[in-house]
Amino acid sequence: MKLATLNDGTRDGRLVVVSKDLTRCCAAGYIAPTMQAALDNWARVAPELEVLARDVEHEAVPCERFHERQAHSPLPRAYQWADGSAYINHVELVRKARDAEVPDSFYHDPLMYQGGSDGFLSPRSPIPLVDPAWGCDMEGEIAIIIDDVPMGVSAEDAAGHIKLIMLVNDVSLRGLIPGELAKGFGFFQSKPASAFSPVAVTPDELGDAWNGSLIHLPLMVDYNGAPFGRANAGKDATFTMAQLVAHAAKTRNLSAGSIIGSGTVSNKGADGGPGQPVAEGGLGYSCIAEIRMIETIRDGKPSTPFMSAGDTVKVEMRDADNHSIFGAIEQEVVAA
């Protein structure tokens with residue numbers, strides 16, 4: 001089942017069921033008016049939404065054309081947005097860029113930060129940037145939405161609480177991160193609003209590609225119209241999405257509609273070292289910070305600048321038949 005939130009002029013939009021090919025949608029307001037309302041009552045409304053999804057596929061109900069540009073992020077705002085660190089290769093690279101060591105604990109105890117969730121960017125909204133010196137970077141990630149999760153849940157049981165999956169561009173301001181972390185109190189100003197894919201899907205929609213609470217498909221990141229990253233989200237993951245949910249719930253209950261992110265999808269090279277750019281036959285990178293670190297290792301200094309006004313990023317994932325699964329995040333950086 002594929003769900004989306006259309007922009008109807010309200011903060012939370014209106015919930016629609018989307019066809020598998022992303023061409024049509026049907027209003028689901030008589031079942032649940034918003035995505036959050038559906039998640040609040042998931043056990044009851046999910047079967048009704050599944051029936052509507054089948055009717056959409058069979059063209060048995062009135063539908064309208066689905067336009068990705070009219071979609072909000074599936075949850076335009078959320079009770080909670082916590083981003084984790086499933087891919088330690090990414091953590092290793094960006095910490096090297098700051099001359100920081102990776103503690104051993106990072107390999108068995110996930111990193112996680114609390115992001116701003118009171119308002120997300122739409123998947124086609126521009127990224128506002130006040131100062132290019134802030135080092136604007138994209139981060140292509142996987143994100144999941146959960147129902148109510150009890151405190152202390154095991155990773156095994158946490159997997160059953162993953163109700164929807166989507167993509168995210170977790171925008172980072174790299175130039176502000178070191179100063180904030182030096183204070184010893186985490187990210188805030190360096191993590192502005194993120195954008196999620198136009199469509200969120202249930203795990204069964206991914207078929208065999210959803211295995212072990214990971215998506216075993218490449219995450220496609222294009223930068224200024226050229227392939228930049230093709231890292232496989234099912235490889236080189238130190239933690240699964242279920243493990244990240246369990247980590248977040250160690251000392252607290254998690255409310256339905258909470259979003260958990262994977263952290264930047266990142267693969268090692270074929271030789272076990274840093275990966276190569278797509279243009280050189282590698283799988284590339286899901287953020288600019290990684291290629292800058294590779295350049296520093298190779299050349300002594302980075303040569304790829306961070307994003308500035310006019311730069312564009314596209315984040316998408318396609319199935320084995322090359323069909324878009326979630327729709328695409330397509331954003332341009334604009335001067336704020």
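This is a predicted model: local features need pLDDT of at least 70, side-chain atom pairs count only at pLDDT 80 or more; totals for chains, interfaces and linings use all residues.
Me: Which helix gives the most residues to the lining of the largest pocket?
Reply: The largest pocket holds about 460 Å³ of space. Among the 26 residues that line this pocket, the closest to its centre are Ser85, Val91, Leu111, Tyr113 and Phe187. Two elements give two or more residues to the lining, namely H5 (177–182) and H3 (88–97). The one that gives the most, with four residues, is H3.

Me: How many nonpolar residues are in the lining of the largest cavity?
Reply: There is one cavity of 30 Å³ or more, and about 40 Å³ of space lies in the largest cavity. Its lining consists of Asp12, Thr34, Met35, Gln36, Leu75, Pro76 and Arg77. By class, two of these residues are polar and two are charged, while the number of nonpolar ones is three.

Me: What is the relative accessibility of Asp236?
Reply: Asp236 also has a positive phi, of about 60°, although it is not a glycine. Its place is the loop between strand S17 (226–229) and helix H6 (241–248). Asp236 counts as partly exposed, with a relative accessibility of 34%.

Me: How many residues apart are Phe120 and Phe196?
Reply: The structure contains five aromatic pairs. One of them joins Phe120 and Phe196 edge-to-face, at 4.8 Å centre to centre and with 75° between the planes. Phe120 belongs to the loop between strand S6 (113–114) and strand S7 (127–129), whereas Phe196 is in strand S12 (residues 195–196); the pair thus links distant parts of the chain, and the separation is 76 residues.

Me: Which residue forms an aromatic pair with Phe228?
Reply: The pair is edge-to-face, with 6.4 Å centre to centre and 65° between the planes. Phe228 lies in strand S17, and its partner, 57 residues apart, lies in the loop between strand S18 (259–261) and helix H7 (288–299). At 2% relative accessibility this partner counts as buried; the residue is Tyr285.

Note on methods. Residues are numbered from 1 along each chain as its sequence is written. Side-chain values use heavy atoms; hydrogens and water are left out. On a 1 Å grid over the protein atoms alone, a cavity is a set of points where a 1.4 Å probe fits but cannot get out, and a pocket is an open set with protein on both sides within 12 Å along at least five of seven lines; lining residues have an atom within 4 Å of a point. Grid points are joined across faces, edges and corners, and a volume is the space filled by probe spheres set on the points. Ala, Val, Leu, Ile, Met, Phe, Trp, Tyr, Cys and Pro count as nonpolar, Asp, Glu, Lys and Arg as charged, and the others, Gly among them, as polar. Buried means under 20% relative accessible area, exposed over 50%, partly exposed in between (1.4 Å probe, protein chains only). Rings of Phe, Tyr and Trp (its six-membered ring) pair if their centres lie within 6.5 Å; planes under 30 degrees apart count as stacked, over 60 as edge-to-face and the rest as tilted.
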